[in-house]
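Thanks for making time this morning. I would like to walk you through one model, so please have the sequence and the structure open as I talk.

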Amino acid sequence: MKKHLLFFALIIINGYANSQTISVTLSTPAIPFQDADLGAMAFDDIDNDGDKDLLITGNSPNNPVQTTLYLNDGSGNFTEATGTTFINVNNSAVAFAHVNNDNFIDLYITGSSDVGRSSNLYINNGNGTFSITTSPFPVSNDGSFAFEDIDNDNDNDVIITGTGGLSGVGVGFTKLYTNNGSGIFSEVLSTNFDQLIYGAVEFIDAENDGDKDIMLAGQDINNNKLTKLYLNNGIGVFTVSPSTTFAGISSGDLAVADSDNDGDIDVIVNGSSSQGRITKLYTNNGNGVFTEVATTPFIGSEVGAVEFADFDNDSDKDVIVLGAITGSPFAVCKIYQNQGNNTFVESNDLIGTYLGCIAIADIDNDSDLDFIIGGTHLTAPIRNPKLYLNNLNSPLGVLEFNNEIVVSFFPNPATDIINFNTSNSIEIITVFNVLGEIVLTIEINAQNFKIDVSTLTPGSYFVKLESNRQSKTIKFLKHWG
């Protein structure tokens, strides 16, 4: 585990222009990652040291199925963690989430093991190791799941879709479970979700009403490909929205974010459809009614992934698409830069990948988003993950002016209170996470002030200070108290 020293930082930071080029470099880790064909990956800070660790599942024809946790030294160098024996899986899905509210991130993994389909919830022991706990979740593979608080009781519930049954052909399912706050889950019976295989699921506040709705896609028992929005009534009861017809897909992915910065959440649907392989963007009118944007350049793919991320730190969401395509080459990995107002241009044509997955995080704490791609690649080593480092190395693109504001602040890292002294009287304080999302806004009129960050989860954050049409952004690390 990395140790930090507290220090008093005196920083003078100049702004960057909003328009940045997306530039990434393929990195070769000193210690190779495990192969990740038919796998899944996720970043999170498992040991609360302020950096993003990595979990990888998958295999290759020449190597066994594996599940491996890698610890980050804070500079993007990873070493294999010891102390936990994970069930080795492929055809898998993974996610970190807080399930028992003990301030340590937990882990859920589904997939195919050497004894059949599996489903295991791992509780973080607080020392960088995990222990399997009993859960009611069905064994599954070839599926998806997502954690979110569906009933506003301040804990993470979960929806799971996939192929069930210990072995054999299996049957598609979609199940919802509520959390009692201590990591004990109970199935919500009599839901009206479609029972799906080859599915994808995401939570989304479609109507801007403060509760979490569900986007669900996949293939039903009659081989129909579906994509539906289920609206939450505020207490965890869901009904299908009649307002929008999305293209039905299977063997694909869903991504949700505010793509046009209008204050509501938009959706990308990616996968195999009745129209062929697609990647479609739908914009939200603010009330949960969606309209397809027909002019996007996104390439259609399946058995891959799609994600929103602000790779150029200009405060809008770019898009990365990977997977199998129609034509030659038969697989792609492309980044599309958001020019604003949902105008996208292809900016990066990376190594093509299918049977793939992606995980995105700032792994080296340089204030930009890096990513790792797993799957089968078109260049050797064809099943070993490709780690891409972002070359931007600049503060988040929330700076509009180049005027200097002298800022001193301490401590950094912080657990609760950060003390600030500035050369100008600050009027507005905005705190962003590494995805460019606003997590805290304060109106103030002072040169000396404090910010309470005790409610933020551990990780990297940026504080934008505004004063008389000048602005400055500084970075800090949040640790658990």
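What you see is a predicted model, in which local features need pLDDT of at least 70 and side-chain atom pairs count only at pLDDT 80 or more, while totals for chains, interfaces and linings use all residues. Residues are numbered from 1 along each chain as its sequence is written, and side-chain values use heavy atoms, with hydrogens and water left out.

The pLDDT, which is the predictor's confidence in each residue on a scale from 0 to 100, averages 90 over the chain, and 93% of the residues score at least 70. Over residues 1–19, however, the pLDDT is below 50, although beyond near neighbours in sequence this stretch has 54 contacts in the model, a contact meaning heavy atoms within 4.5 Å. Residues 394–403 also stay under 50, and there the model has 46 contacts beyond four places in sequence. Where pLDDT is low, the predicted coordinates should not be read in detail.

Now to the sheets, where strands are DSSP runs (E, at least two residues) numbered from the N terminus, and two strands pair if DSSP finds at least two bridges between them. Four bridges pair β3 with β4 (residues 53–60), and D44 has D53 in β4 as its bridge partner.

Another open sheet, also antiparallel, runs β19-β20-β21-β22. Which strands stand at the edges here? They are β19 (250–257) and β22 (290–293), and because each has a single partner strand, one side of each lacks a neighbour in the sheet. Strand β21 (residues 276–284) is joined to β22 by four bridges, and T283 has T291 in β22 as its bridge partner.

Last, the second largest pocket. A pocket is, on a 1 Å grid over the protein atoms alone, an open set of points where a 1.4 Å probe fits, with protein on both sides within 12 Å along at least five of seven lines, and lining residues have an atom within 4 Å of a point. Its lining includes D258, D310, D316, K317 and E437, as well as F432, L435 and I438. By class, that lining has three nonpolar, three polar and five charged residues.

Technical notes:
Nonpolar A, V, L, I, M, F, W, Y, C, P; charged D, E, K, R; others polar.
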